[in-house]
Amino acid sequence: MSDQEIELKLRVAPEDLPRLKELPPLAGARATSKQLESVYFDTPDLRLRGRAVTLRVRRSGSRFLQTVKSAPGAAGTALVRSEWEVPVGGPDPDLSALPAEALAALGPLDAAEVRPVFASHVKRSVRVIGAGDGTEVEVAVDQGELRTPDGRTLPLAEIELELKRGTDTRALYDLALALNEALPLRIEPRAKSDRGYDLAAGTRVTWSKAGSLELSPDETVEEALGGIVRHCLDHLVANEACALAGNEPEGIHQMRVALRRLRSALSTFRDVIPGPQAAVLGPEVKWLADAFGPARDWDVFLTETMAPAAEAFPGDPALAALSAAGERARAQGYVRAREAILSPRYTALLLKLGAWVDGRGWRDQAVSEQSSRLFEPVTGFADAMLAKRHRQARKRGRHFARLDAEARHQLRITLKKLRYAAEFFRALYPAKPVRRYLKELAALQEALGHLNDVATVAKLVRQLEAEPDAPAGWSLGAGIVLGWRARGLADLEPELVRDWEAFADAEPFWTAATAGGNRD
């Protein structure tokens, strides 16, 4: 049998490390310190990394300990994984000393294949904190670096909170929140091994889309809620480094998409989430989404919205002035987004969401007809929710050709909620009809997005009007872009009406009896 490791990693500024021992959660707890040198091994083709398994040999004094860790499973923002540890006689792995479960996790492997890939050299200070009910949390403060055989290094300064006794991970989050209130911290979602592999490979930070979300008809509403929120959190945190690097606009975009999906998830499950909890979490998620808004809006404007007008009027000085003003505004937007990500408020939000998901906080409510739905099969809930969202969209789209801009904007928002719900629950249904339905929905959303472009341009123009030193002539350029987009909308109107009709005729993929609605 393996031990289960449940830990939460937090990054801290190196200059703040001395302050940690003085903080109330840690003050008075006896600390032990040791120097740790760990070498991570893999095959030349990095087969173990492909399996998300790590093999290391750690030296502490004159002792050597061989460890195998399985692929991590997320629990909120904590990492849960199995690990196997056995003493070995020296600095090289000894596969023959491992139990059968560890060898199965490693997969087919010959001892002659493995070689050092990188090493960690850290000074570790350890304290054990009692968290009540017999729960104990080990607080390990690490400072040092990762090194590759060819001399590349990456500094380390972090806190690892690990459950040593008990299984309630809320103890980790409570301690992390207390530390974050006293000292700015950031969640580190990646293990040292992940960062070491990236250092060895020279991997450039990049963005990532949300992975596939696998739900099973056997799951309850509660299990689906937890899985969907955790999926949104994973997507958000996976793009944090790219957004901070600022070298790809897609990093901010993907974080914003993750937040939109998260807000949609909270809305989708609103009837089974206690009102006071939604009232705390919802505004905080919205705050973060709003902080990313200006950066993303200017990204879209400069790279997409302006493009047709700039192509039609190459070298136009008014458009050049608008572009220059937009670049300055985008830079300010990125500063705001970066400040939000680096703020203690952001870390607190991730910790609160992680604690809520991992601790199934939604159970903290009176027993009622609504709360009992948490334990029902998810498919019936999904059928009802998709049918409701579908009816709302068709109702908002009645007499589509005669709808004004504001009504179409509201329809676009409703369609977005429907699309997120369909993507959340798609694994519960046959793939082909889901794909067909989402294709029609995506086409309509994209067409309505052009309408939103005009509203966004008007909003951005108001922002520039508040800038006293914006480049001269930008307002004329804004007029050109607005006029060009308005003309484009007129040209797209017949296509937009056809897209609505195609969607309104789309066959629902959920239980047909619950679909309902009229096209009009």
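User: In this predicted model, which residues have the most contacts inside the largest nonpolar core?

Analyst: Leu161, Phe269 and Phe425 have the most contacts inside that core, which has 108 residues. A second, separate core of 25 residues includes Leu55, Val88, Ala102 and Leu199.

User: What is Leu161 in contact with, leaving aside its neighbours within four places in sequence?

Analyst: Its partners include Ile6, Leu8, Leu10, Val137, Val139, Leu172 and Leu175. Glu7, Glu138 and Ala176 are also in contact with Leu161.

User: Why is Cys232 called buried?

Analyst: Buried means under 20% relative accessible area. Cys232 has 1% relative accessibility, so Cys232 counts as buried. Cys242 is buried too, because its relative accessible area is 1%.

User: How do you know that Cys232 is in no disulfide?

Analyst: A disulfide needs two cysteine sulfur atoms within 2.5 Å. The nearest cysteine sulfur to that of Cys232 belongs to Cys242 and is 19 Å away, so Cys232 is in no disulfide. For Cys242 the nearest cysteine sulfur is that of Cys232, and Cys242 is in no disulfide either. The structure holds zero disulfides.

User: What makes E7 and E8 a pair of strands?

Analyst: Pairing takes at least two bridges. E7 (residues 115-130) and E8 (residues 136-147) are joined by 12 bridges and run antiparallel, so they pair. Val126 stands opposite Ala140 in E8. The two strands form a hairpin with five residues between them, and Gly132 in the turn has a positive phi of about 90°.

User: Which strand pairs with E2 over 11 bridges?

Analyst: E7 does, in the antiparallel sense; E2 covers residues 32-42. Lys34 stands opposite Arg124 in E7.

How values were computed:
Residues numbered from 1 in each chain as written. Predicted model: local features only at pLDDT ≥ 70, side-chain atom pairs only at ≥ 80, totals over all residues. Heavy atoms only, no water. Core = buried A, V, L, I, M, F, W, Y, C linked by side-chain atoms within 4.5 Å. Buried < 20%, exposed > 50% of the residue type's maximum accessible area, 1.4 Å probe, protein only. Contact = heavy atoms within 4.5 Å. Helix = DSSP H or I, 4+ residues; strand = E, 2+ residues; numbered from the N terminus.
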